[in-house]
Amino acid sequence: MVELVVRRAGLCSGCILAIAAEEVGRPVRCMLNCDEDMMTSGQRNPFQAHWKVGVSKEGMLKVLDADVYNNAGYSQDLSGAVMDRALRHMGSCYWIPHVHLRGRVCKTNTHSNTSFRGFGAPQGHYIAECILTPIAAHLKMSVDQLRLKNLYKEGQLTPFLQPLEDWHVPQIITQLKTESGYDAHVQQVEEFNRTHKWKKRGISLIPTKFGLSFDTTMHLNQAGALMHIYNDGSVLLARGGTEMGQGLYTKMCQIAAQELNCPLDAIFTSETSSNTVTNTSPKKTCIS
């Protein structure tokens, strides 16, 4: 039996150094400046989209047809999965009744690009906002008003036929605008831009939604935990997730404290071990 124990994860550059040290038979140190690091390591996948959109005179989105291109670099890496998630997020928070999207992963002569935080969703959201902005300008309507007009309503289907339940985005936007005084800030920005030729300001309130599961590898949508409750009231919690800077250990202790109705300082956590929690799903910081 093989037991894997991980207290916390760091960068993967140690693997490269270990191979080099084994090859030359002596300690190896690697120091890259920022330019060298960005030229040799994978970056977030650049995207390009060519789209056609149908919209009513009132500003209601009706149809979207788009070709989306993903620069994978010299190898595929996770670019296919990034494209898959980007296409599923291209509508962002806006309901478009008819959607036809085509995604293409492109092999180019750059370093191999890969997934970063958001895993393709930021690219999809960005394309959605690039579509709305010129529509608002053409209709002589504020882009904020156009966004509100086209927000999903409870129970409507996404392009991949998922009904939206517990849809709170409209309520969140209303609350944020009220508590932040957003409309007053917009007027201040517009007044500043009218009176300053060379210096400009900007302000925006952009809704997003993000799918928190694996959509093409369903067997990875699993989780597990092991909890010991002792007579003195303390709790030892083991979970399958690995801490890599996203605060997973703290969040799991907070959840346990809330569910058990006990103080947070009564919850203790152990290192991640396959001996206590097995068959865990990958630890993406987007979902853990």
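Predicted model: local features only at pLDDT ≥ 70, side-chain atom pairs only at ≥ 80, totals over all residues.
Let's look at each of them, and then move on to a helix, the cysteines and a few backbone angles.

Rolling a probe the size of a water molecule over the atoms shows where empty space is left. Which residues line the largest cavity? They are Asp144, Arg147, Leu148, Ile173, Lys177, Tyr182, Leu205 and Pro207. Two helices, H5 (143-149) and H6 (169-180), each supply at least two residues of this lining. H5 gives the most, with three residues. Sorted by class, the lining has five nonpolar and three charged residues, and no polar ones.

The second largest cavity holds about 30 Å³ of space. Around it you will find Leu61, Leu64, Met90, Gly91, Tyr94, Ile96, Ala128, Ile131 and Leu132. Here a strand and a helix both take part: strand S3 (61-73) and helix H4 (121-138) each supply at least two lining residues. The largest share, three residues, comes from H4. In this lining, eight residues are nonpolar, one is polar and none is charged.

Next, find helix H8, which covers residues 248-260. H8 has 13 residues and reaches 18 Å from its first C-alpha to its last, close to the 18 Å expected at 1.5 Å a residue. Which residues of H8 are buried? They are Leu248, Tyr249, Cys253, Ala256 and Ala257. An α-helix has 3.6 residues a turn, so residues three or four places apart point the same way. Keep that in mind as you look along the helix. The buried residues of H8 pack against five strands: S1 (5-6), S5 (225-229), S6 (235-239), S7 (267-269) and S8 (272-273). Just after H8 comes asparagine 261, with a positive phi of about 55 degrees.

Now for the cysteines. How many disulfides does the structure hold? The count is zero. Cysteine 130 is in no disulfide, and the nearest cysteine sulfur, that of cysteine 93, is 16 Å away. With a relative accessible area of 30%, cysteine 130 is partly exposed. Cysteine 262 is in no disulfide either; for this residue the nearest cysteine sulfur belongs to cysteine 253 and is 9.7 Å away.

Finally, back to phi. Most residues other than glycine have a negative phi, and most peptide bonds are trans. Lysine 140 has a positive phi, near 55 degrees. This lysine lies in the loop between H4 and H5. Is lysine 140 buried or exposed? Lysine 140 is exposed, with a relative accessible area of 78%. Aspartate 166 also has a positive phi, near 50 degrees. You can find aspartate 166 in the loop between H5 and H6, and at 60% relative accessibility this residue counts as exposed.

Key
Residues numbered from 1 in each chain as written. Heavy atoms only, no water. 1 Å grid on protein atoms, 1.4 Å probe; cavity = no way out; pocket = protein on both sides within 12 Å on 5 of 7 lines; lining within 4 Å. Helix = DSSP H or I, 4+ residues; strand = E, 2+ residues; numbered from the N terminus. Nonpolar A, V, L, I, M, F, W, Y, C, P; charged D, E, K, R; others polar. Points joined across faces, edges and corners; volume = space filled by probe spheres on them. Expected span 1.5 Å × (residues − 1). Buried < 20%, exposed > 50% of the residue type's maximum accessible area, 1.4 Å probe, protein only. Contact = heavy atoms within 4.5 Å. Disulfide = S-S within 2.5 Å.
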